[in-house]
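This briefing covers fold, packing, selected residues and charged pairs. Please consult the sequence and structure shown here alongside the text.

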Amino acid sequence: MEGKAENISDLSAALSREGKAVRELQSRRSSLGSSKVSLIGQLREVSPQFKAVLVKVRELKAGRDSHTAVVKELKAKREAANNEMRLLSPEVKKALEAKEAASSSLSKSKGNPGRKSASQLYSEMEALEMKIITEAMPFSREQEIMKVVKEKRKQLEAVKAFSEAASSHRELFSKFSELRRQSYGFHSELQQHAAESQKLHEEMLKLIPQLKDLRQRKKLLLGQLEKAKEDYITANSSLVQTLHELSEVKGKLDAAAAERRKRSFRRRTFEII
């Protein structure tokens with residue numbers, strides 16, 4: 001009888017312990033559940049912020065790289081124009097020297113032909129030659145006119161030489177000037193793209209610390225959430241096991257109490273008889 005009473009007492013104590021453990025586990029599971037909800041809420045707040053900053057950084061980087069690519073392309077074009085200018089420069093110089101030499105030769109010609117065009121000289125030569133043909137004149141006069149015609153022919157050659165030299169110089173200088181204009185244009189456009197690239201790069205750099213901070217916060221929250229989930233599963237598993245154990249203890253206690261009542265009933269019945 002005394003052993004049975006102690007058994008019931010032990011079972012009651014065990015039931016109390018298991019009940020307390022169940023309540024503690026239920027409280028821990030509830031706390032972990034709340035932690036999960038809180039962490040998920042924080043992640044829902046941080047994740048869009050991180051994504052927005054990341055998208056902005058990528059847009060700035062793409063814009064910067066686009067301008068940088070244009071800068072690279074314009075540098076190549078500017079260098080190509082400069083190379084052509086370097087190759088053309090001696091030709092322009094040579095053409096200028098030829099023009100100046102022709103001009104000097106022209107100014108030294110008799111009759112100051114620098115003021116007369118080739119067509120004027122042609123007209124004058126034709127007029128003199130026609131005069132020799134149509135007019136009667138002494139041989140000496142004809143010789144004088146022929147000398148004038150010969151001199152005008154030299155003047156005409158000088159005018160032609162100057163015209164050709166001037167035309168060649170003008171054409172080469174025009175080409176050189178166009179290359180220089182292109183080079184300046186490429187350089188100006190290059191500077192604009194370089195400035196824009198630098199501007200976007202600086203804007204991107206300003207966002208990097210914020211991006212790193214948000215990434216770190218997101219990583220930390222994900223780690224905490226993963227641990228909270230694992231702890232929740234563990235706590236829930238322990239609660240299920242403890243509830244099973246509680247049920248077993250309660251079953252044993254109920255059986256012991258029923259047996260005790262049965263024995264007590266038999267004893268009273270025996271005493272009456």
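**Briefing on the predicted model**

Met-204 counts as buried because its relative accessibility is 8%, buried meaning under 20% relative accessible area, exposed over 50% and partly exposed in between (1.4 Å probe, protein chains only). The model is predicted: local features need pLDDT of at least 70, side-chain atom pairs count only at pLDDT 80 or more, and totals for chains, interfaces and linings use all residues. Residues are numbered from 1 along each chain as its sequence is written, and side-chain values use heavy atoms, with hydrogens and water left out.

**Overall architecture**

- The protein has three helices and zero strands, these being DSSP runs numbered from the N terminus (helices H or I, at least four residues; strands E, at least two).
- From the N terminus on, the order of elements is α-α-α.
- Of the 273 residues, 25% count as buried.
- Among contacts (heavy atoms within 4.5 Å) between residues at least 6 apart in sequence, 91% join residues at least 24 apart.
- The accessible surface is about 19000 Å², and 54% of that belongs to carbon and sulfur atoms; accessible areas come from the Shrake-Rupley method with a 1.4 Å probe, and for residues only the protein chains shown count as cover.

**Confidence**

- The average pLDDT, the predictor's confidence in each residue from 0 to 100, is 85, and 89% of the residues score at least 70.
- Over residues 1-6 pLDDT stays under 50, and the model has three contacts beyond four places in sequence for them.
- Where pLDDT is low, the predicted coordinates should not be read in detail.

**Nonpolar cores**

- A nonpolar core is a set of buried Ala, Val, Leu, Ile, Met, Phe, Trp, Tyr and Cys residues joined through side-chain atoms within 4.5 Å.
- The largest such core holds 16 residues, of which Val-53, Val-57 and Leu-211 touch the most other members.
- Helix H1 (2-108) and helix H3 (139-272) each supply at least two residues of this core.
- Another core, of seven residues, lies apart from it and includes Val-92, Ala-95, Phe-176 and Leu-179.
- Not counting residues up to four places away in sequence, Val-57 touches Met-204, Leu-207, Ile-208 and Leu-211.

**Selected residues of helix H3**

- Met-204 lies in helix H3 and, neighbours within four places in sequence aside, is in contact with Val-57, Leu-60, Lys-61 and Arg-64.
- Met-204 and Lys-56 are 148 residues apart in sequence, yet their C-alpha atoms are 8.0 Å apart.
- Thr-242, also placed in helix H3, is buried because its relative accessibility is 9%.
- The side chain of Thr-242 reaches the backbone oxygen of Ser-238 at 2.7 Å.
- Beyond its neighbours within four places in sequence, Thr-242 is in contact with Glu-18, Ala-21, Val-22 and Leu-25.

**Salt bridges**

- A search of the whole structure finds seven salt bridges, each a side-chain nitrogen of Lys or Arg within 4 Å of a carboxyl oxygen of Asp or Glu.
- Lys-61 and Asp-65 form one at 3.0 Å, N to O; about one helical turn separates Lys-61 and Asp-65 because they are four residues apart in helix H1.
- Glu-73 and Lys-77 form another at 3.4 Å, N to O, and both lie in helix H1, four residues apart.
- Glu-178 pairs with Arg-181, the closest N and O atoms being 2.5 Å apart.
- Arg-181 counts as exposed because its relative accessibility is 52%.
- Salt bridges that share partners join Lys-61, Arg-64 and Asp-65 into one network.

Key:
A polar contact is a pair of N or O atoms within 3.5 Å; within protein, one must be able to donate a hydrogen and the other to accept it, and residues adjacent in sequence count only if both atoms are side-chain atoms.
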